[in-house]
Amino acid sequence: MATSPPSPPNPPPPPVPSPQETDEKRASFEREALVHLDSLYRVALRLTNNASDADDLVQETMLKAYRAWHQYEKGTNAKGWLLTILRHAFINEYRRRTRHPETVDLDTIEPFAVFGEIQEEDPQGAFFDRIVDDEVLRAIDQLPEAFRETLVLSDVEGLSYQEIAKILEVPVGTVKSRLFRARQLLQARLYDYAVSMGYIKGSPA
Amino acid sequence: MNCRECVEHLYEFLDREVTPELERDIRVHLEECPPCGEQFDFEELFLKFLRARCSSQGAPPELKRRILRELFDE
């Protein structure tokens with residue numbers, strides 16, 4: 001005699017939140033998540049290189065975060081939690097569409113110590129003052145993606161090595177070495193730019 | 001601590017990611033070694049410069065309105 005397979009138990013319907021619960025959820029989300037909107041936007045902009053994609057990515061991140069808000073342990077690291085959601089959304093949806101996966105071999109990028117070049121002429125780095133925001137952002141956007149995201153999380157958003165390692169899902173040692181090379185590479189490009197603009201003489205090639 | 005060891009920890013030191021013991025050793029070396037001191041100052045200045053140049057940008061007000069509307073039907 002054939003027995004029908006046991007039917008899966010019906011999941012209980014999701015509890016309908018009371019108006020009070022909805023208010024509390026909204027208040028805690030505003031307090032802990034929405035305050036990081038500017039940070040999320042800055043990171044999104046550097047990842048997508050495009051204001052309209054950054055808008056969409058941030059909006060999607062906030063919607064996902066609000067839906068999953070019960071999974072976030074209140075009072076812990078909301079910024080890290082949100083950035084993790086943002087990065088996953090970026091990898092899953094935007095990177096595939098907007099950019100080709102990176103083919104640069106990061107290990108072949110030679111470190112270049114700018115300080116060694118300018119310690120005679122401008123050891124206080126006064127030439128930095130003449131480089132405007134847009135030029136710096138442009139130089140960051142040209143870094144290889146793995147360098148760019150590490151540098152932005154550290155140097156723009158001020159996250160610790162540990163927090164960055166968690167978001168990027170790499171060991172702390174990798175964060176350190178990427179950060180080192182990202183900073184050196186960025187410095188070298190800004191230095192080249194400053195030389196080309198005549199802000200500093202630079203050393204003869 | 002020699003110069004090479006000191007410079008090896010340059011960014012960890014500036015990022016406040018070193019142990020208190022290591023931090024003390026580095027400070028002692030920097031006091032005694034002006035070239036290393038200059039290099040650390042230069043890198044610290046670079047990091048401050050980066051942050052200053054990149055932090056002014058915030059989310060556009062329209063994006064914030066859009067998100068609030070989506071989340072809370074406003």
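Where is the place of Arg16(B)? Arg16(B) sits in the loop of chain B between helix H2 (10–14) and helix H3 (20–32). I will come back to that residue at the end. Before anything else, please keep in mind that this is a predicted model.

Let me start with chain A as a whole. Chain A has nine helices and zero strands. Read from the N terminus, its elements run α-α-α-α-α-α-α-α-α. Of the 205 residues in chain A, 34% are buried. Now take the contacts in chain A between residues at least 6 apart in sequence: 73% of these join residues at least 24 apart.

Helix H1 of chain A covers residues 19–32, which is 14 residues. H1(A) is hardly covered, with one buried residue among its 14.

H2(A) is another matter. Ten of its twelve residues are buried, so H2(A) is largely enclosed by the rest of the structure. Among those buried residues are Ser39(A), Leu40(A), Tyr41(A) and Arg42(A). The list also includes Arg46(A), Leu47(A) and Thr48(A). The length check works here too: twelve residues at 1.5 Å each should span 16 Å, and the end C-alpha atoms of H2(A) are 16 Å apart.

What does H2(A) meet in H3(A)? From H2(A), the residues are Leu40(A), Tyr41(A), Ala44(A), Leu45(A) and Thr48(A). They meet Ala51(A), Asp53(A), Ala54(A), Leu57(A), Val58(A) and Thr61(A) of H3(A). By class, this contact has eight nonpolar, two polar and one charged residues.

As for the geometry, two packed helices are described by the angle between their axes and the distance between the axes. The axes of H2(A) and H3(A) come within 8 Å and cross at roughly 130°. Angles from 65 to 115 degrees count as roughly perpendicular and those over 145 as roughly antiparallel, so H2(A) is oblique to H3(A). The crossing of H2(A) past H3(A) is right-handed.

Between these two helices is a loop, and Asn49(A) has its place there. Is Asn49(A) buried, partly exposed or exposed? Asn49(A) has 16 C-beta neighbours inside 10 Å, so it counts as partly exposed.

Now the contact between the chains. The contact takes 28 residues from chain A and 26 residues from chain B. On the chain A side, helix H2 (37–48), helix H3 (51–67), H6, helix H7 (145–156) and helix H9 (172–196) each supply at least two residues. H3(A) gives the most, with six residues. The side of chain A that touches chain B has 16 nonpolar, four polar and eight charged residues.

One helix pair shows this contact in detail. Helix H6 (residues 133–141) of chain A and helix H4 (residues 34–54) of chain B have axes that come within 9 Å and cross at roughly 105°. That angle makes H6(A) roughly perpendicular to H4(B). H6(A) contributes Asp133(A), Val136(A) and Leu137(A), while H4(B) contributes Leu50(B), Arg53(B) and Cys54(B). These residues divide into four nonpolar, no polar and two charged.

Staying with chain B, consider Cys6(B), which lies in helix H1 (residues 3–8) of chain B. Cys6(B) has 20 C-beta neighbours inside 10 Å, and therefore counts as buried. Which residues is Cys6(B) in contact with, leaving aside its neighbours within four places in sequence? They are Met1(B), Ile26(B), His29(B) and Cys36(B). For a sense of distance, Cys6(B) and Leu45(B) are 39 residues apart in sequence and 18 Å apart in space, C-alpha to C-alpha.

That brings me back to Arg16(B). Most residues other than glycine have a negative phi. Arg16(B) has a positive phi of about 55° although it is not a glycine. Its surroundings can be counted as well: with 9 C-beta neighbours inside 10 Å, Arg16(B) counts as exposed.

Key. Residues are numbered from 1 along each chain as its sequence is written. Chains are lettered from A and ligands numbered from 1 in the order in which they are written. This is a predicted model: local features need pLDDT of at least 70, side-chain atom pairs count only at pLDDT 80 or more; totals for chains, interfaces and linings use all residues. Helices (H or I, at least four residues) and strands (E, at least two) are DSSP runs, numbered from the N terminus. Two residues are in contact if their C-beta atoms, placed from the backbone, lie within 7 Å. Axes are lines fitted to C-alpha atoms, for helices over the stretch in contact, and angles run from 0 to 180 degrees between N-to-C directions. Angles under 35 degrees count as roughly parallel, over 145 as roughly antiparallel, 65 to 115 as roughly perpendicular and the rest as oblique. Ala, Val, Leu, Ile, Met, Phe, Trp, Tyr, Cys and Pro count as nonpolar, Asp, Glu, Lys and Arg as charged, and the others, Gly among them, as polar. The expected span of a helix is 1.5 Å times one less than its number of residues. A crossing is left-handed if the near helix is turned anticlockwise from the far one by less than a right angle, and right-handed if clockwise.
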